[in-house]
Amino acid sequence: MTKRFTRAGRAALGGGAVGLVLPALLLALWEALCRLGIAPPNLLPAPTAVLRSLRDLWLAGELWGHIEITLLRVLLGFLLGTAVATVLGALTGYSPLWRRILDPTLQALRSIPSIAWVPIFVLWLGIFEASKITLIAVGAFFPVYLQTMAGIQQVDRKLVEVARIHGYGGAALVRRVLLPATLPAYFIGLRAGLGLAWMFVVAAELMGASEGLGFLLLDGQQTGRPANILAAILLFAIFGKASDLALVALGRRFVAWQDSFQNAAEKKAHAADQARLQEV
Amino acid sequence: MLQIRHVSKRFDGFAALAEIDLPVDRGEIVGIVGTSGCGKSTLLRIVGGLEQASSGSVVLDGVAVSGPRPEVGLVFQEPRLMPWLTVRENVEFALAKRPREQRRPLADAALARVGLGAFAEALPQQLSGGMAQRASIARALVARPQVLLLDEPFSALDAFTRFSLQDHLLDIWRAEQPTMLFVTHDIEEALVLSDRVVVMRAKPGRIHAQYRIDLPRPRRRTEARLQHWKERILEDLDLAVKGGDAEPEFAI
């Protein structure tokens with residue numbers, strides 16, 4: 001580093017801003033390649049062309065409908081998968097008997113690549129919403145199920161003993177000890193489940209849909225409009241990240257006690273980075 | 001008073017405790033020392049109602065102990081605080097049976113007694129080891145138990161913190177006079193705190209000797225008579241002479 005680096009510049013580099021440098025450079029390079037005619041526009045439209053096609057789709061009045069139906073599918077599939085996973089995970093985590101009954105079967109089902117269910121779901125449930133939502137639910141199910149089970153199993157037995165000493169049992173034990181002790185693992189499962197729900201909504205919409213962001217992808221391919229494909233990918237990224245952030249914010253409210261610990265660790269790592277920068 | 005009558009405990013044919021008889025007077029402090037595996041922690045867990053004796057009984061004021069009860073408070077080697085609750089909420093945790101409006105003042109009073117009044121809002125992870133153990137003592141004391149059981153309560157702490165918590169425990173005892181039964185592998189700790197030291201030996205777990213420590217408190221840790229008892233207890237445990245048939249896993 002040179003002496004010309006200002007204090008403010010260093011602070012920005014130490015913070016989150018440093019992560020924006022590379023994508024900004026890549027975008028600039030991408031735009032330049034397109035402007036100079038090096039990249040073929042029928043395969044790789046410029047970033048500005050992608051934004052323009054987003055605007056056109058919006059002005060045509062069809063974009064919000066695509067977004068809406070995709071969000072609805074993700075939400076319903078995620079809620080359905082999470083609900084079933086929470087019940088079964090709680091059961092297998094809490095009771096060794098239920099674990100012996102259910103877990104081997106569920107683990108066996110887990111080893112089936114979930115996309116392999118598509119044909120049979122379409123056959124059983126039709127080509128419309130039911131099969132799509134079921135597929136998304138299957139995707140969201142496993143991480144939530146596994147984390148719920150592991151979270152409950154890993155609750156510190158010594159804390160449970162303290163609760164029993166003070167007369168907690170049944171629902172009170174669940175509410176005061178098992179639930180709060182399980183929540184951190186549960187939220188990890190929810191985040192992973194939501195990520196898979198987004199992955200599976202693409203699969204579900206690619207397999208046959210007349211609307212949705214996934215349909216936009218397919219439509220862009222079939223009508224030779226790469227800008228639309230990239231616009232749909234951009235929207236997936238934005239809504240996927242936004243929904244994850246919403247879940248993190250929700251989780252923070254419930255597991256603040258754990259978060260404050262993570263914050264301390266982050267601050268320590270950040271301070272170490274700062275110290276290293278100062279040395280340079 | 002607390003009576004431990006003919007208590008035996010077997011695990012799969014292995015005799016962890018054999019015919020333990022130990023009457024404890026109200027307000028008495030009894031320290032139990034012994035080598036690893038002599039069953040001293042098991043005995044404490046039976047008295048606390050966490051485990052059932054294979055035979056024999058524990059009777060508190062004429063009532064047989066069959067499970068955990070509010071008259072008996074427990075302190076473990078680890079603080080065992082709920083990490084998601086503040087220090088005050090951890091203490092209130094022991095007051096589930098009390099009306100809501102009583103919990104907070106009682107918890108704050110208990111925290112004040114262990115010198116943690118200023119840390120009521122802190123989370124357990126923000127406390128040092130000694131402070132966390134004081135919080136767990138506050139939780140054990142908040143319901144004003146008649147008997148306080150402590151299972152190696154200070155063994156995870158450094159020597160200075162240990163001394164200060166020992167003094168602290170005696171202050172609490174002077175103020176509230178609970179019957180205290182504690183397990184330790186620190187002979188000096190047992191001698192400084194106890195009215196009576198019970199020496200246990202293993203295979204099967206049994207009471208080998210008892211010493212009444214009739215010295216006024218506070219006691220000096222360097223007191224000559226404590227050294228005398230210490231030597232006798234070391235002999236009881238075959239640890240007095242270097243190279244004797246001492247149990248190899250036992251460290252002083």
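B:Pro204 lies in the loop that runs between β9 (196-201) and β10 (206-212) of chain B; helices (H or I, at least four residues) and strands (E, at least two) are DSSP runs, numbered from the N terminus. The peptide bond between B:Lys203 and B:Pro204 is cis, with an omega of about -10°. The model is a predicted one, in which local features need pLDDT of at least 70 and side-chain atom pairs count only at pLDDT 80 or more, while totals for chains, interfaces and linings use all residues. Residues are numbered from 1 along each chain as its sequence is written, and chains are lettered from A and ligands numbered from 1 in the order in which they are written.

B:Lys203, in the loop between β9 and β10 of chain B, is not a glycine, yet its phi is positive, at about 55°. B:Lys203 has 13 other C-beta atoms within 10 Å and is therefore partly exposed; a residue is buried if 20 or more other C-beta atoms lie within 10 Å of its own, exposed if 12 or fewer, and partly exposed in between, with C-beta atoms placed from the backbone. Most residues other than glycine have a negative phi, and most peptide bonds are trans.

Another cis peptide bond leads from B:Arg217 to B:Pro218, with omega near -5°. B:Pro218 is located in the loop between β10 and α7 of chain B. Helix α7 of chain B covers residues 224-236, and its 13 residues should span 18 Å at 1.5 Å a residue; the end C-alpha atoms are 19 Å apart, which agrees. The expected span is 1.5 Å times one less than the number of residues in the helix. Just after α7(B), B:Asp238 adopts a positive phi of about 60°. A positive phi, of about 45°, is also found at B:Glu152, which is not a glycine. B:Glu152 sits in the loop between β7 (147-151) and α5 of chain B, and counts as partly exposed because 19 C-beta neighbours lie inside 10 Å.

Chain B as a whole contains seven helices and 10 strands. Its radius of gyration is 18 Å, close to the 18 Å that the globule rule gives for 252 residues, so chain B is as compact as a globular protein of that length. The radius is taken over C-alpha atoms, and the globule rule is 2.2 Å times the number of residues to the power 0.38. The C-alpha trace of chain B spans about 55 × 40 × 30 Å along its principal axes. Of the 252 residues of chain B, 40% count as buried. Two residues are in contact if their C-beta atoms, placed from the backbone, lie within 7 Å. Among contacts in chain B between residues at least 6 apart in sequence, 67% join residues at least 24 apart.

Chain B is divided into domain 1 (1-71 + 146-243) and domain 2 (80-144), with bounds that come from an automatic or database domain assignment. The centres of these two domains of chain B, taken over C-alpha atoms, are separated by 25 Å. Nine residues of domain 1 of chain B are in contact with nine residues of domain 2 of chain B. On the domain 1 side, helix α5 (residues 159-176) of chain B supplies the largest share, four residues. By class, that side has seven nonpolar, two polar and no charged residues. Here Ala, Val, Leu, Ile, Met, Phe, Trp, Tyr, Cys and Pro count as nonpolar, Asp, Glu, Lys and Arg as charged, and the others, Gly among them, as polar.

A nonpolar core is a set of buried Ala, Val, Leu, Ile, Met, Phe, Trp, Tyr and Cys residues joined through C-beta atoms within 7 Å. The largest such core has 100 residues, of which A:Ile136, A:Ala197, B:Val91 and B:Ala138 touch the most other members. At least three residues of this core come from each of domain 1 and domain 2 of chain B. Beyond neighbours within four places in sequence, B:Ala138 is in contact with B:Val91, B:Ala110, B:Leu111, B:Arg113, B:Val114 and B:Leu116. A second, separate core of 10 residues includes A:Leu213, A:Leu216, A:Ala227 and A:Leu230.

The contact between the chains takes 14 residues from chain A and 14 residues from chain B. On the chain A side, α8 (157-165), α9 (170-206) and α12 (256-279) each supply at least two residues, and α8(A) gives the most, with six residues.
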